[in-house]
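Here is a short tour of the ligand surroundings in this model, with a look at one strand pair at the end. Please keep the structure open while you read.

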Amino acid sequence: MPVPAAPLPTPLSDEQAGLLNRLTDGLDSSGLWWMSGYAAGMARAQGTAVRPAALPVADAAQAPALTIVYGSQTGNAKRLAEKLAAQGEAAGIGVRLLRADAYPTRELKDERHLYIVISTQGEGDPPDDALALVEFIRGRRAPQLPQLKYAVLGLGDSSYPQFCEIGRILDERLADLGATRLFERGDADLDLDTVANPWLERALSEAKETLKAKPSRSGTVTPLRPLPPAPAFDRDRPFAAELLANHRLTATGGLRSGQGRDVRHVELSIEDSGLHYSPGDALGIWPRNPALLVDAVLDTLKLDGEQTITLAGEDLPLRTWLSEKRELTKLARPFLSAHAERSGDHGLQQLLDPAHKDQLGRVLADQQVIDLLQRHPGSWDADALVAALRPITPRLYSIASSQKHVGDEVHLTVAHVEYAAGDQTRWGAASHLLASAAEGDQLPVYIEHNERFRLPADTSRDVIMIGPGTGVAPFRGFVQERAEIGAQGRNWLFFGNPHFRTDFLYQIEWQRALKNGQLHRLDLAFSRDPVPARSLHMDVPVTETTHKTYVQQRLREQSHDLHDWLQGGAHLYVCGAIAMAKDVHAALIDVVAAHNGNDAEAAKAWLDELQQQGRYARDVY
Ligand SMILES: Cc1cc2nc3c(=O)[nH]c(=O)nc-3n(C[C@H](O)[C@H](O)[C@H](O)COP(=O)(O)OP(=O)(O)OC[C@H]3O[C@@H](n4cnc5c(N)ncnc54)[C@H](O)[C@@H]3O)c2cc1C
Ligand SMILES: NC(=O)c1ccc[n+]([C@@H]2O[C@H](COP(=O)([O-])OP(=O)(O)OC[C@H]3O[C@@H](n4cnc5c(N)ncnc54)[C@H](OP(=O)(O)O)[C@@H]3O)[C@@H](O)[C@H]2O)c1
Ligand SMILES: Cc1cc2nc3c(=O)[nH]c(=O)nc-3n(C[C@H](O)[C@H](O)[C@H](O)COP(=O)(O)O)c2cc1C
């Protein structure tokens, strides 16, 4: 966006401009769009037909003609939507780019040209920021849309049974509502660009054609302050972060030792990177496949790792392609399908039949590329192999520190994916890289911001954090941050893991925080201890139990206080595994319903509302 040399006159006093600066500080583009709409609505309500003469007014031709809405959990759909918006603006098209939760659904009936870029999450669910929009479009209140031209880009992962489900649902529903599909939906797998790039090109050319773009004119948007420089490091240009510390949080780990999971505390330096993060953000890391795994693939297929393979203009030894550029630990449907053909294996071919969808899902979740190659022999030449394997993608880790507290460091809590497959050991690419990294090693990282998982701006609010397992990671950052800024609100943490003795992540830190008044309540659920450890909140009775104790049992036990905190304006956060978050949501419905005459529907609606307001946020994986 061009920045004019001299600021244009504003009707604001210095004090008002300062306040506005504070208000907009840290807002992303969708937040800024929302604010502009909010201000416009207020002006309309005041009936001000005359705009202040000093303000530059965009003419009708410059009013946004194209709306791009994105729904994104981990940033991919957002990045693509932003790219399309920038290209549209550069082509002189008036573009309105909105995160799905900032989209005013009442405007849908007047929309003319709409692009939706949306991922699928959970088990075929919308991303959290798009829950309300998807519900609205699917619901009975959705208007007929005869004037609307649209297209949808769905993002997903073909190893999930419900691949790009949400994109598909929206695409079909908009057509049912009478809208005109401009061109076919894109279903982008994890190698996003393969499908996304042609879709974006088509979207831009259709918009230019339909909206008769005019050459771009500069100076219609005046930033109140200089735009922050683009970060020097991002997903495509990762920073080489030095590992400062790597120690085990669980007593002794590693599946082979038979002593439970290996969970690590990892500290990385981001000194001199210019990278900034807020509690709730994640660190992206580009993984490398374990050398032993690359060797096993080369041995199994009898290929020479030193031969040069050229793909998309890149010449690299096969070994480099396999260790740094291609997924080996995650098996994808397209590769399984290609291998079924090469191996001529009837069983594999049957697996691809829609009737065996569930079985295929289990194979994709439990097996890696090497398992497929070893169990169902087939021949591959090196070029075809590199072309058929999926490009490697970064993994995200919730940041477990506050930058105010740790300075130029990022802390992570990493569950090392390590398991036995017959007499061999299998690893997860990124968690193994992190778990086996030594001090001084450099790892390619970037920050993935997550505006939907933020501490309340009002520091007097209480916060309730539910984070079993590695789900506790962001809450370590939350508690550090709240201590640093002297937040007056109370902090309540629910944590669970298999055993009190071996798996109480950050036990000493939590106990110290309780003592220092930085953590006000801590409730624990050790799922595999025969007698659950006593809640550190002393009112909770110890109960004998033979079944597993999960955090949701603690939520139910604390129903009264929990409800009080929520009624008092507390913000609620859940982080960790998908299945846990679903069960916790069900428990929260029970907690709320217990105080509203057992009306589960109303409790659900109340929690949905909380989510809409940003007072109930989830970060699940
Ligand atoms: C927003 C977000 C935040 C996250 N935060 C954290 C965090 O704070 N801490 C954390 O540890 N993780 C976190 N994750 C998960 C993390 O991103 C990785 O998905 C995880 O570490 C696994 O990655 P990997 O590269 O080690 O394994 P991959 O290489 O991605 O996967 C290994 C593959 O092995 C197979 N597999 C794994 N375990 C088994 C098993 N027991 N039996 C059979 N097959 C198996 C599966 O097919 C799996 O696909 C987060 C994810 C997201 C999206
Ligand atoms: N592929 C695998 O084999 C495997 C195994 C574990 C974790 N993971 C994944 O690894 C990631 C991180 O795992 P993690 O170590 O942070 O945590 P985790 O292994 O998911 O478990 C943390 C705690 O939550 C409990 N739990 C399990 N299901 C629950 C539910 N439905 N509701 C509430 N609590 C539940 C666990 O109990 P129990 O374990 O006693 O049931 C444990 O005490 C997650 O994505 C998880 O899905 C994969
Ligand atoms: C926890 C989790 C659950 C997912 N579930 C699905 C799914 O059910 N179907 C699917 O096609 N993709 C699924 N995906 C893949 C995402 O849609 C894919 O990674 C996408 O690129 C994410 O885009 P986003 O960053 O904009 O959210 C899932 C990803 C995660 C992390």
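Ligand 2 has 21 residues around it, and Gly469, Thr470, Ser527, Tyr550 and Ala577 come nearest. A residue is near a molecule or strand when its C-beta atom, placed from the backbone, lies within 6 Å of it. This is a predicted model, in which local features need pLDDT of at least 70 and side-chain atom pairs count only at pLDDT 80 or more, while totals for chains, interfaces and linings use all residues. Residues are numbered from 1 along each chain as its sequence is written, and chains are lettered from A and ligands numbered from 1 in the order in which they are written.

Which helix gives the most to the shell around ligand 2? Helix 21 does, with three residues. Helices (H or I, at least four residues) and strands (E, at least two) are DSSP runs, numbered from the N terminus.

For ligand 1, the surrounding residues number 26, and the closest include Thr329 and Tyr621. Around ligand 3 there are 25, with Ser72 and Gly156 among the nearest.

The table sorts each shell by class: Ala, Val, Leu, Ile, Met, Phe, Trp, Tyr, Cys and Pro count as nonpolar, Asp, Glu, Lys and Arg as charged, and the others, Gly among them, as polar.

| Shell | Residues by class |
|---|---|
| Ligand 1 | 13 nonpolar, nine polar, four charged residues |
| Ligand 2 | nine nonpolar, eight polar, four charged residues |
| Ligand 3 | ten nonpolar, twelve polar, three charged residues |

Lastly, strand 10 (residues 308-311) pairs with strand 11 (residues 314-317) in the antiparallel sense over four bridges; pairing requires that DSSP finds at least two bridges between two strands.
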